[in-house]
Amino acid sequence: MSRATFINLRRITNTNTFSKNREWKFISFMNGKDIFYSTSGLAKIAITPNSLYSIQIRTFINVFNPGVNNEKKYKEKQLIGYSPEQMFDVIQDTENYKHFLPFCRQSTVKVKGKDHAKTYLEIGFPPIIESYVSHITFQRPHMIKAECRDGKLFKYLTTQWNCDPGLKDNPNTCVITFFVAYEFKSQLHSALANMFFNELVKQMEHAFFVEAGRRYGKPCIKAQKLNN
């Protein structure tokens with residue numbers, strides 16, 4: 001790693017970055033371990049010097065291999081112990097994302113209609129921080145889809161939730177299908193984010209279930225993963 005890269009990363013991470021319920025702190029390269037991490041109970045991400053070296057090598061290779069596809073996708077389906085209406089209301093409550101969603105630093109609803117909304121979001125962790133207007137379409141209580149169309153870092157970012165009826169004899173259950181697809185404009189950002197993609201997405205997905213528990217109490221059944 002070059003001295004310039006080291007200094008730049010140190011400048012980014014040496015200053016504590018705050019958001020609601022969250023604090024980022026810097027740990028020197030000298031300990032051979034973490035560069036920065038979240039002290040939030042919701043999330044903990046660590047990046048090592050070896051990881052960054054690997055990122056630099058892969059980024060260098062990708063620059064000369066434009067055919068590399070940096071698109072990432074994630075899909076999971078679960079039977080959970082909350083009704084479709086309950087989960088829909090948690091997912092649609094974008095104004096409060098900043099209070100319960102890991103890596104969400106700001107969230108403000110700008111427009112809200114019967115089947116659509118626009119919410120300003122600031123998400124990420126240093127040095128990957130993106131702010132954009134999320135264009136949301138929904139059909140209560142079955143579907144919510146959010147798209148980033150004007151991001152500075154993302155070529156695109158799409159998330160979709162489907163809340164379908166669960167057990168026939170239990171209306172307080174539903175089948176949740178969660179889908180995420182994105183691609184960064186920058187090879188460096190892609191390499192960095194891809195290292196933690198699955199863990200970040202799982203933490204974000206789990207945060208919605210935790211928030212449902214805070215609002216509605218314990219789920220009536222234990223969550224069960226289903227085949228997609």
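1. A salt bridge here is a side-chain nitrogen of Lys or Arg within 4 Å of a carboxyl oxygen of Asp or Glu. By that criterion the structure holds ten salt bridges.

2. A word on the basis: this is a predicted model, in which local features need pLDDT of at least 70, side-chain atom pairs count only at pLDDT 80 or more, and totals for chains, interfaces and linings use all residues. Residues are numbered from 1 along each chain as its sequence is written, and side-chain values use heavy atoms, with hydrogens and water left out.

3. Do look at Arg 140 and Asp 89, whose closest N and O atoms are 2.9 Å apart in a salt bridge. Arg 140 sits in the loop between strand E7 (128–139) and strand E8 (143–148), and Asp 89 in helix H3 (residues 84–92), so the pair ties together parts 51 residues apart in sequence. (Helices, H or I with at least four residues, and strands, E with at least two, are DSSP runs numbered from the N terminus.) Arg 140 is partly exposed at 47% relative accessible area, and Asp 89 is partly exposed at 27%; buried means under 20%, exposed over 50%, and partly exposed in between, with a 1.4 Å probe and protein chains only.

4. Glu 95 and Lys 98 also pair, with 3.6 Å from N to O. Glu 95 is partly exposed at 30%, whereas Lys 98 is buried at 14%.

5. Within helix H6 (residues 197–216), Arg 214 and Glu 211 lie three residues apart, about one turn of the helix. Their salt bridge brings N and O to 2.8 Å. Arg 214 is exposed at 61%, but Glu 211 is buried at 6%. Salt bridges with shared partners join Asp 93, Glu 211, Arg 214 and Arg 215 into one network.
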